[in-house]
Amino acid sequence: MNEPKHPSHIAREALKYLAAHHLAPTPANYQATYNEIANLPNLPPFPEWQLRELLEALAARNSAQEAELGKISAAISRHSWQGFKESLGAFVLAGESGVRASSPAAGAASALPEEFSARLSGFIQSMLPALGDEDSRIVEIAGEILGMLKQPVIDAEPVQTALASLTRQAAFAAEEQAEIKSSLLKLLHLIIENIGELSTDDSWLKGQIDGLLASVAPPLTLRHLDEMERRLRDVMEKQGRAKSRAVQAQQEMRQMLSEFIENLGAMNQSSVEFEGVIQQSARQIEQANTIEDLKPLLGGVISATQAMAQESAQSREKLKTLQEKVVVTEAELTHLHQELDSASALARHDPLTDALNRKGLEEAMEREISSMRRKETPLSVSLLDIDNFKKLNDTFGHDAGDRALVHLADVTRRCMRPSDTLARYGGEEFVVLMPDTMLEAGIEAMARLQRELTKAIYMAGSEKILITFSAGVAQVGADESGTNAIRRADQAMYLAKRAGKNRVMGG
């Protein structure tokens, strides 16, 4: 039986995994990887901002409730379901006892505030789809709570009891779903790897296999899967065209081979006939007695020889033409396979930095804006430009400049959240999409990236070079286009350049 790994060993393996797969070392990524290696369930993320909204709806009626609000906030910060439940119950009881002490006639002392009830109802309704409908007990308890919250006067005690029961059931369901997801991912990983091994002769398939393996690596997000789907559709389209041309080329090859065999047969038949004419002429020459008898025989031999030579020349030309067609067809098929080899990597990605290209950025921006409007959450976009890039190119060469771009992209990916998107906008400019991010938080994220970049050593030959960038950040308006948001970020970036470079400004 295998000995359980020490937590420190698991932690080191998790960090190595993140580095090997170029995943940002965020708490969520690290936790998911640690749980995967330790065979622990990877529970869904704690709904901090939803609970913060609930907390904002609570109003303290006395000092005891004020103290409990602080405990609720601390429990949310610790991501403690148990602490949240206990503090919420204590908050309700504190309100009940306070009101009873101050007003003997207060019969509705334990009633929940109307705004809090509405937000709690919305929270439960938004949480149910994530838990699924397989567990009838969860659906039943949630229905009971929602029914209570629709009453004109809501008694807090039964709601608290039912909410505690729902919390327990939800924790069990979330743990089970995490195990199911982990098992499905392992199974999918195995299937993809086996497809790759079974298709060793199809080199064009490697890009698809690598992309699929990357898309199912934790943390699993809808953005990753959507991007992989788009990349595979590009490859499938090219594959369909290549397959159609390959079938046509095979038919042409078969036709050329058939003609080649026919020509060989004709040449063989001509050789047999020529040999017969020569043998017959030889016998006749042996029987000839005079010069006059030899003349017609020699004329026949010469005619047969000339005909044979002419037919051989024609056959050689036909064979040469067939050979040229074969070479052209082989070159065309080679080109088609080369296109397939790079299709999955180049469909929407910049080949140098592996960030999204302009086409990929447009699609990602459209997707994020749609999500922003549907969920009514903020979206910020940053445009950053490497400082003094022309000078770096002129001093150390274009190869050093290219490596500087790759260096910046790698550091950015390490600092990004899994939900963020990196794209190369052109030249030395990059765009970062940051969903669920207000303008101030976006500015701070770019400033944090600047600090990390100064810590990451970039070597141009044997010389250490400090790579810096100027950035502009804009929060996308409710009805604003992505193009306009990037334009505002670009204007803010220009102001950052004018202010002295290595700065971040909001637009």
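This is a predicted model: local features need pLDDT of at least 70, side-chain atom pairs count only at pLDDT 80 or more; totals for chains, interfaces and linings use all residues.
User: What caps the N-terminal end of α12?
Analyst: Asn-357 does: one of its side-chain oxygens lies 3.1 Å from the backbone nitrogen of Lys-359.

User: Which residues of α12 are buried?
Analyst: They include Leu-361, Met-365, Ile-369 and Met-372, but also Glu-363, Arg-367 and Glu-368.

User: Met-372 and Ala-478 are 106 residues apart along the chain, so where do their C-alpha atoms sit relative to each other?
Analyst: The two C-alpha atoms are separated by 8.3 Å. Ala-478 touches both Met-372 and Arg-373, and its own place is in the loop between β6 (469-475) and α16.

User: Why is Ala-478 called exposed?
Analyst: Its relative accessibility is 58%. Exposed means over 50%, so Ala-478 gets that label.

User: Why is the pair Asp-350 and Arg-424 called a salt bridge?
Analyst: Their closest N and O atoms are 3.3 Å apart. The limit is 4 Å, so the pair qualifies.

User: What makes Asp-350 count as buried?
Analyst: Buried means under 20%, and Asp-350 has 11% relative accessibility, so it counts. Arg-424, at 17%, is under that cut-off too, so it also counts as buried.

User: How do you know that Lys-497 and Asp-385 form a salt bridge?
Analyst: With 2.8 Å between the closest N and O atoms, the pair is within 4 Å, so it passes. Here too distant parts of the chain are linked, with Lys-497 in helix α16 and Asp-385 in strand β1, 112 residues apart. Asp-385 counts as buried at 8% relative accessibility, and a network of salt bridges links Asp-385, Asp-387 and Lys-497.

User: How many salt bridges are there?
Analyst: The count comes to 13. One of them joins the side chains of Arg-488 and Glu-480, at 2.8 Å from N to O.

User: Why is Gln-450 called buried?
Analyst: Its relative accessible area is 10%, and the cut-off is under 20%, so Gln-450 is buried. You'll find Gln-450 in helix α15 (residues 439-455), and its side chain makes a polar contact of 3.5 Å with that of Asn-502. Gln-450 is also in contact with Phe-469, Ser-470, Arg-503 and Val-504, among others.

User: Which residues touch the most other members of the largest nonpolar core?
Analyst: Ile-72 and Leu-166, out of 32 residues in that core. Helices α3, α4, α5, α6, α7 and α8 each supply at least two residues of this core. Contacts of Leu-166 include Ile-124, Met-127, Ile-138 and Ile-141. Another core lies apart from it, with 29 residues, among them Ala-404, Phe-430, Met-434 and Met-446.

Key. Residues are numbered from 1 along each chain as its sequence is written. Side-chain values use heavy atoms; hydrogens and water are left out. A nonpolar core is a set of buried Ala, Val, Leu, Ile, Met, Phe, Trp, Tyr and Cys residues joined through side-chain atoms within 4.5 Å. Buried means under 20% relative accessible area, exposed over 50%, partly exposed in between (1.4 Å probe, protein chains only). Helices (H or I, at least four residues) and strands (E, at least two) are DSSP runs, numbered from the N terminus. Contact means heavy atoms within 4.5 Å. A polar contact is a pair of N or O atoms within 3.5 Å; within protein, one must be able to donate a hydrogen and the other to accept it, and residues adjacent in sequence count only if both atoms are side-chain atoms. Lists of a residue's contacts leave out its neighbours within four places in sequence.
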